[in-house]
Amino acid sequence: MKVGVLKETRRWEDRRVAVTPETAMLIKENYPDIELYIQSSSERIHSDDEYRKLGIPVVDDLSHCDILIGVKEVAGDALIEGKTHLMFAHVAKKQAFNKQFIQEMVQKKITLIDHEYLTNIENTRLVFFGFWAGVVGAYYAFKGAAKRFTGIKLLAPEKCTDLNDLYRQLKRFDLPPLKILVTGGGRVASGALEIIRELNVEEVLPHDFLNKKYDHAVYTRLNPDDYVMRNEGEFDRMHFYKNPHDYKSSFKPYLSATDVFIACHFWDHQSPHFFTQEELQSDDFSISLIADVSCDVPGPIPTTIRTSSIKMPYYDIDPKDLSEKPAFSSPEYITVMAVDNLPSALPVDASHSFARDLYYQVLPSLFGEDSDGIIQRATILKDGELTAQYSYLSEFIKGE
């Protein structure tokens, strides 16, 4: 089997890689029947020479390979007809911005395996960048807060060498007595909490967050039962995940108690929105900065009108009409961070952990027998045809 490691071609200067030199060497040593090829890249955090020194071929053209492994979606002209592509495709939730992308894959009879749906038999995800999305997203929140509330400019995360460098930047300013709200309890939220705890921000209970005043910065973290309620009956976590349409938002009390909102929750398109445009225009709406790490567009946070980029991570929203304004242009506006490829700002740390998970958790099934159905569950297209569990995408692909 010939396996090619793709360069990233779709997103802004994405320097991550799904197979690092470390895991490339592990593949070479432990899978003698696999021929591994690296696509040449001047952007990748690991240089071509790092792979060449290990005796791994670096080439421009991967069309001779059977399986192509990348991180994010590739540019349309990088899709190779009839091949198996393994990547974060961002199509399974009917993302409108990728409708043409999946249509191209169908036309080219691509077999698509999506990283996001690589799960074990207990339905636990196996590979992810979520922790690093939370880390970088929370850093952006405090970088924005430093600029908005103190006038101090912190170094952009992509200019930092690693996580420790982020920590050094955060210690350059004293955090004002802000109330910081985090939604979510998974890996993304754990990454955000890594940053918050490094700043020694005190954690308080949601009830105290709503009802008490503090002379120092505090934060609280909300689980789903804190921000949604069941239309009829008691909240049930598993019922909520399976039937999100049976719930409504109970987030309103936090709109007047929060200064900085770091959104790290998982959101289903049938789940309730956190707040409405009308609530945004209320006189007691107090949120000044929203770091939308989850970044669903369109989604549950109305101020996230578009994604942003690492080059220009912030924009302002006028609450009167949801119109976009230049970032940090008025205290009357709400500053939004909606970068949708956050981990690429810390490519060394993010690639290292992702590549290890991919090697140990996924490659045995990809290169051998898929006895636990890991690859099967993540296969959206097989030779350009939707697999049974993703058949709901049929109308989406047809443009209906």
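This is a predicted model: local features need pLDDT of at least 70, side-chain atom pairs count only at pLDDT 80 or more; totals for chains, interfaces and linings use all residues.
Residues are numbered from 1 along each chain as its sequence is written, and side-chain values use heavy atoms, with hydrogens and water left out.

**Terms for spaces.** I worked on a 1 Å grid over the protein atoms alone: a cavity is a set of points where a 1.4 Å probe fits but cannot get out, and a pocket is an open set with protein on both sides within 12 Å along at least five of seven lines; lining residues have an atom within 4 Å of a point. Grid points are joined across faces, edges and corners, and a volume is the space filled by probe spheres set on the points.

**Cavities.** I found two cavities of 30 Å³ or more. The largest cavity has a volume of about 40 Å³, and its lining includes Tyr227, Phe240, His265, Trp267 and Ser271.

**Salt bridges.** I searched the whole structure and found nine salt bridges (a side-chain nitrogen of Lys or Arg within 4 Å of a carboxyl oxygen of Asp or Glu). Arg16 pairs with Asp14, their closest N and O atoms being 2.7 Å apart. I noted Arg16 as buried, with a relative accessible area of 3%, and Asp14 as buried, at 3% relative accessibility (buried means under 20%, exposed over 50%, partly exposed in between, with a 1.4 Å probe and protein chains only).

Asp49 and Arg52 form another salt bridge, at 2.8 Å from N to O. They are three residues apart in helix α2 (residues 48-52), so about one helical turn separates them (helices are DSSP runs of H or I, at least four residues, and strands are runs of E, at least two, numbered from the N terminus). Asp49 is partly exposed at 42%, and Arg52 is partly exposed at 45%.

**Arg377.** I placed Arg377 in helix α13 (residues 374-378). Arg377 is buried yet has no salt bridge; Asp370, the nearest side chain of opposite charge, is 6.4 Å away (Lys and Arg count as positive, Asp and Glu as negative; His and the chain ends are not counted). What lies 2.7 Å from a polar atom of the Arg377 side chain? I found the backbone oxygen of Thr119 there.

**Asp61.** I located Asp61 in the loop between β3 (58-59) and β4 (67-69). Asp61 counts as partly exposed because its relative accessibility is 48%. Its side chain reaches the backbone nitrogen of Ser63 at 2.9 Å.

Note on methods:
A polar contact is a pair of N or O atoms within 3.5 Å; within protein, one must be able to donate a hydrogen and the other to accept it, and residues adjacent in sequence count only if both atoms are side-chain atoms.
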